[in-house]
Amino acid sequence: MSEQDKDLPLRADLACLDRLLAEVVNEQEGPVVYGAVQAIAQRRGDERSHPLPQLAPEAAASLLRACGLYAQLFNIAEDLHHNRRRRAHQLAGSLPQQGSLARALHKLRQDGVSFHSLHQLLSHAQVGAILTAHPTEVQRQSVLDGHRAVRRFLSQLNAADLTPEEREELEAKLKRVILGLWQTSEIRHFKMTVRDEITNGVAYHPLAFFEALPALYQRLERAIGQLWGEVPCLPSFIRVGSWIGGDRDGNPNVDAGLLRQAVTRQAQQAFEHYLRELQSLYRELSLSSRLVSASPTVLELAADSPDGAVSRSEEPYRRALATMQGRLRASAQQRGVELNCRWDERQPYDNHHALAADLAALSDSLHAHGSALLAEGRLASLIRAVDVFGFFLMPLDLRQHAAVHEGAVAELFSAAGLEEYRALDEAARVRVLTRELATPRLLYSPYLRYSAEIAKELAIFREAAAIQREFGVDAIGQCIISNCASVSDILALALLCKEAGLIRQENGAPRASVNLVPLFETIADLENSSAVMAALFALPWYRQLLDSRARVQEVMLGYSDSNKDGGYLTSQWQLYQAETRLVKCFDEAGARLQLFHGRGGSVGRGGGPSYEAIVAQPAGSVAGRIRITEQGEVITAKYSDPAIAGRNLEALVAATLEASLGHAPGGETDIQPFEELSCTAFAAYRALVETPGFMQYFLEATPVTAIAKLNIGSRPASRKSLSAITDLRAIPWVFSWSQSRLMLPGWFGVGSAVAAYVQKHGDAGLARLQGLYRHSPFFQVMLSNMEQVLAKADLGIARRFAGLVADRELAARLFGMIEAEWQKTHDAFFAISGQNALLEGNPTLRRSLETRLPYLDALGLLQIDLLAKLRAEPEDEDTLHAIHLTINGTSAGLRNTG
C-alpha cells in the first residue's frame, strides 16, 4: 500500500473537519472571512509569503482565529490517524514497529540476552517522565476539553457500520463542538497561578495515566513471558513524576503551603481513583459463598464490613470490598482528603502497601478457588495502580537555584556565630560544610530571628519531611540544584536537608530520604561536571550518604540553558561528552549513574523523538535508569488519552531496554571531528549573540515582549531586566524564535562548522562526516532533529519579522549574518545526508507540514502586522489580544515550539 493510500482515512478526516469548520466560519462571520480562509488554503510555495488582503480589524481577528483553529483540528486528526495506523499494523501481523516493546524485546532475545540479565536490569530499573509547569502550553483547559470531544466524535465517525442517520448525528455533534470552540476564548484573561498548574497537571491521570500505566506493565510482562518462557515479577519502575508545586527556581510563588497543596491535590486524585475502582469491583464480585469459597483473610475483612444488608450476607467479596472502602475513606481523611464514600470509616491504612496487601488477598483468594479469571482484569490493574501511584499519585521533585541555597547557608552560619560563608573559597566551603554535616547538631535556633527568605526555604524542607512521613518516603524523592557548579553547591543543599530531617544520623552514618541532584546547565558547567562529581565522591561523608541511597546518584543535564549559552551543535556535543565522562567517573567511584535529561519540546531545548534520543546515548549512560522532563504543549500532545500516552511511555521503556542491553547502543563516537565542529560552531554562535545591538534585534524582530504578557504560566519570563540573553529564560528565548519562524536555536552554527571542517580537510573531511552520519547514532539524531527544524522554518517570513527592527542598518547586518548561516547549514545538511530535499525520508511529517503551512504562514504575516501596530500604539489591548491569538495558532501549528 502506498503512503498516499495509507493516508486516505486521514484525508477523509481532514476534509470533514475542513468542511465543518468552513460552515461554522461562514455562518458566524460571513462570506468575507470565509472567502479569505478559503483563499489562504489555496496558497502554495512563494505565494504563502505574499501580503494578505487588507481586512477590517474584526474580520482580520476572525481570520487569524480560523487559521489557529484549523491547525488545532489538524493536530487531532493526525493523532487519531497515528493510532489508527498502529492498529492497522497490529491487525495485519506486520513486524513490530520501532519504539514498540515487541520490537525491543525481540531484538534483545535475538541478541542472546538471557532472562536473568533482563530480570536483573528490570529489578533496579527506573524510567520516569516528569511533568513540569514550564510555560509553553498556550491552550486553555477549556479548549483542550473541546479537543478531546472532537477526537471522540471523529473516532466514532470512522466506524464502518454507521447508518446514514448515525453519521448525520455524529457530524452534528462534531459541528456543535467546533462551534463551541469557535465561541470560546482561547486566551486566558488572567495570570495562571501555581494552583492552576497543579490542577492541570493532575488532570492527565484520569485522562490517560490511570489506564495507560497498568496496561503497559501487563504488556511488558506478557511479552517477556512469551519470548523467554518465564514471567518476571516486575517492580513499578515506570513512573510519572512532577515538578509542579516543588519547583521554586525563579518562581517566588512556590512555598511550603503550595507544596502541601500540590501533594494533597495529587493524593485526592489517587484516592478518588482507588475508590471508583473498589466500587466497580464491589459491583462485579457478587460471588456467593454457596458456590465459591473465600480465603480466611477475605472472610476476616468481610466480618468487619460496614455493609450489613441481608442481601450481602452470602457475598463475602462484596462485604470485604465495603470494608476496604471504609478503610480507604479513613486513610484519605487522615491525609486531608474527603472522599464521597457510602460506607462508614474503618481502621485507616498505614500506607499504600497495606491497601495493596488487602487487594492481593482478594486476588490470592480468587486464584485459589477457581476464579483466577476474575482476578486478572480490573483487580490486577488496581493492584498495579496502587503500587505505581501510592497515596501521592506522582513523586514530586523540589528544585531551587544554587545561589538561594548559598544565601540560606550563609545566614545560618552568621546567626550561629560561625565563619562568613560567602567570603570562603571553594576548599574552605567544602571543609566547613563537611564539618557541620558530620555532627548531629543543628544550626537553626528557634530563639533567633532569620530573614523571610531563609524562613521560607527551611519551611519548604520541613514540609517535605512531613509529607514523606504522611504519604510515604517516595512522595518527595529528589532535591535538584539549578545552576550547580561546585561540590559546595551540593553540600549546601545537604546541610539544609539535614536541618529539616531529610538527612539524619543513624548508627553513626548519614542517611538521606531524598536524592541530592546537581543540575549542570551551562557549557562550562557541563565540561566540569565529572570533575565536580569525582571530588564529591572523594569525600568520606558523601560516600557514606551514597550507601544509604543504594549508591544511586542522579545527575541532571540542562539542554535549554546550554543551548542558549553555546548554540545547538556545541550544546549537543557537550552534553554527549559530559555523559561519557560521567559514566567513567561513576564507574571509578563504584556509584550507579541515573541521568535526568532536562529536555523541552523544541529541538533547541533538547526536544525531538524520545526513542531515538535515548538509543543514541553514550554507552553505559542509561543502564536501565533514566528520567526526562515533559513540559508545556508536549504533555498535551503525548499524554492526552490512554492510547497516545501508552505509545509514548512504551517508547521510553523500549528505548531504555535497547540502550541498556542491546548490541547497538550509542557506543563510541569519533571525538576529533566533533571537537573541531563544536569549537567552530560555538565561535559562530557567540559571534552572533555578542554582536553589538543583538539584544535589541531579538526584542524587536520576535514577539518576545508579547509572549511575556501571555498568561501561560506562573513564572516570570526573565529573572531580571533584559539587557543580555543571559537574563532571559531559555523557554521564551526558543519560543520567540519559533514564532518568528527562524527556529535559530535549533541550527545556528552548524553550517559554519561543517564549511570550516570541509575547507580544512577537503573531500576526505566531507567523506568522514558522511560516514559518521551513517554510523553514529548521535550524529544521526542531531542532524535529523535539525532537519525537522529547517523544514518548519521560513526565511521569507523571518525576513519580514526583521523588518520590524527600527534600526534598519542593524536589522540588515544581523539578518545578513543569519541568512548566510542559514544557507551554509542547508548546504551542509544536503552534502552530509545526500538528500535532495528536506524530509525526504519522513513523508508523514512532510505531508503534515504541507497541510498546515498555508495557515502557519498566514498567521506569521498577521502577527507581523499586529506587532507593528502594537509598537505604534503600545496600550492597544485589542491588538495585544490578537497577537496572542496568532501566538496560539502558530504554536498549535508547529506543535513543539517551547
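Visitor: Arg399 and Asp247, are they buried or exposed?
Guide: In this predicted model, Arg399 and Asp247 are both buried, and their side chains meet in a salt bridge with 2.9 Å from N to O.

Visitor: Where in the chain do those two sit?
Guide: The pair links distant parts of the chain, with Arg399 in strand S3 (residues 396–401) and Asp247 in the loop between strand S2 (238–242) and helix H11 (256–284), 152 residues apart.

Visitor: How many salt bridges does the structure hold?
Guide: The structure holds 48 salt bridges, and one of them joins Asp7 to Arg847, where the closest N and O atoms are 3.2 Å apart. That pair also links distant parts of the chain, since Asp7 lies in the loop between helix H1 (3–6) and helix H2 (8–29), whereas Arg847 belongs to helix H36 (residues 843–872), 840 residues apart.

Visitor: Why does Asp7 count as buried?
Guide: Asp7 counts as buried because its relative accessibility is 9%, which is under the 20% cut-off; Arg847, at 10%, counts as buried as well.

Visitor: And Glu169, what is its relative accessible area?
Guide: Glu169 has a relative accessible area of 38% and is partly exposed, and it forms a salt bridge with Arg176, the closest N and O atoms being 3.3 Å apart.

Visitor: Switching to the whole protein, what is its radius of gyration?
Guide: The protein has a radius of gyration of 29 Å, which agrees with the value near 29 Å for a compact globule of 898 residues, and 59% of the residues count as buried.

Methods:
Residues are numbered from 1 along each chain as its sequence is written. This is a predicted model: local features need pLDDT of at least 70, side-chain atom pairs count only at pLDDT 80 or more; totals for chains, interfaces and linings use all residues. Side-chain values use heavy atoms; hydrogens and water are left out. The radius of gyration is taken over C-alpha atoms; the globule rule is 2.2 Å times the number of residues to the power 0.38. Buried means under 20% relative accessible area, exposed over 50%, partly exposed in between (1.4 Å probe, protein chains only). A salt bridge is a side-chain nitrogen of Lys or Arg within 4 Å of a carboxyl oxygen of Asp or Glu. Helices (H or I, at least four residues) and strands (E, at least two) are DSSP runs, numbered from the N terminus.
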